[in-house]
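I opened my notebook to look up what sits inside this protein. My entries follow the structure below.

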Amino acid sequence: MGIYFLRHIKTTANRDGIISGDAEIPTLPNQVLSIASPLPESFGRVYCSPLTRCRRTIALLPNMEIESVIYTDILMERNMGVLEGVSKTLAIEKYPELFHDGKIDVDAEIPKGESIHDVIVRIAEFSNYIKDLSSDADILLCSHNQLLKVMYSILKKFPINNTYWHSLNFKNGEIIHIDDV
């Protein structure tokens, strides 16, 4: 049994280089999921961010038995505060102190947004719950890149620093078994 991650399908923000967090963003049409790992015959549970891009992603799952889909705010993307909806290029110009080597600094305190520490606190208890559940059934988490990176670091006991943060990205619409990352 195990834990599978699925990052939502591509959005207009992904396509256009716009920073998006917990805001509703339209998805691009005609997408399919990519399956990087053999899938189990069924998932005991699917936990999903309630944002529309994740709901639309779940609707693309291949025909398989799913006991239940549980939508939870715990799996919402990080609130990006003043960076929400801003192009990455403009954000780097306007807020250079929030970036490291052209990427958001993992230690940056984003004004009016969540820090990585805030996200860790939000999902820490949930990650332990998921790990316990996965010993009895296969679990699928459908969420967002930053949230999945934090969840992965907690489950694997990796320190979250800029090297880790900038080296790991989950692909849009790809299902992976976390041991395969």
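I began with a rule: a charge sits over a ring if NZ of Lys or CZ of Arg is within 6 Å of the ring centre and within 35 degrees of the ring normal. I then looked up Lys149: its charged end sits over the ring of Trp165, 4.5 Å from the ring centre. I also found Arg55 over the face of Tyr71, at 3.9 Å from the ring centre.

I noted what I was working with. This is a predicted model, where local features need pLDDT of at least 70, side-chain atom pairs count only at pLDDT 80 or more, and totals for chains, interfaces and linings use all residues. Residues are numbered from 1 along each chain as its sequence is written, and side-chain values use heavy atoms, with hydrogens and water left out.

Next entry: the core. I used "nonpolar core" for a set of buried Ala, Val, Leu, Ile, Met, Phe, Trp, Tyr and Cys residues joined through side-chain atoms within 4.5 Å. Buried means under 20% relative accessible area, exposed over 50%, partly exposed in between (1.4 Å probe, protein chains only). Helices (H or I, at least four residues) and strands (E, at least two) are DSSP runs, numbered from the N terminus.

Which residues have the most contacts inside the largest core? I found Phe5, Leu141 and Met151, in a core of 24 residues. Helix 5 (145-156) is one of the elements that give two or more residues to this core. Its share, six residues, is the largest. I logged a second, separate core of 13 residues, which includes Leu6, Ile9, Ile58 and Ile175.

I turned to His144. I located His144 in the loop between strand 9 and helix 5. Is His144 buried or exposed? His144 is buried, because its relative accessible area is 0%.

Last entry: aromatic rings. Rings of Phe, Tyr and Trp (its six-membered ring) pair if their centres lie within 6.5 Å; planes under 30 degrees apart count as stacked, over 60 as edge-to-face and the rest as tilted. I counted nine aromatic pairs. The rings of Tyr4 and Phe43 have centres 5.4 Å apart and planes at 75°, so I logged them as edge-to-face. Tyr4 lies in strand 1 and Phe43 in strand 3, so their pair ties together parts 39 residues apart in sequence.
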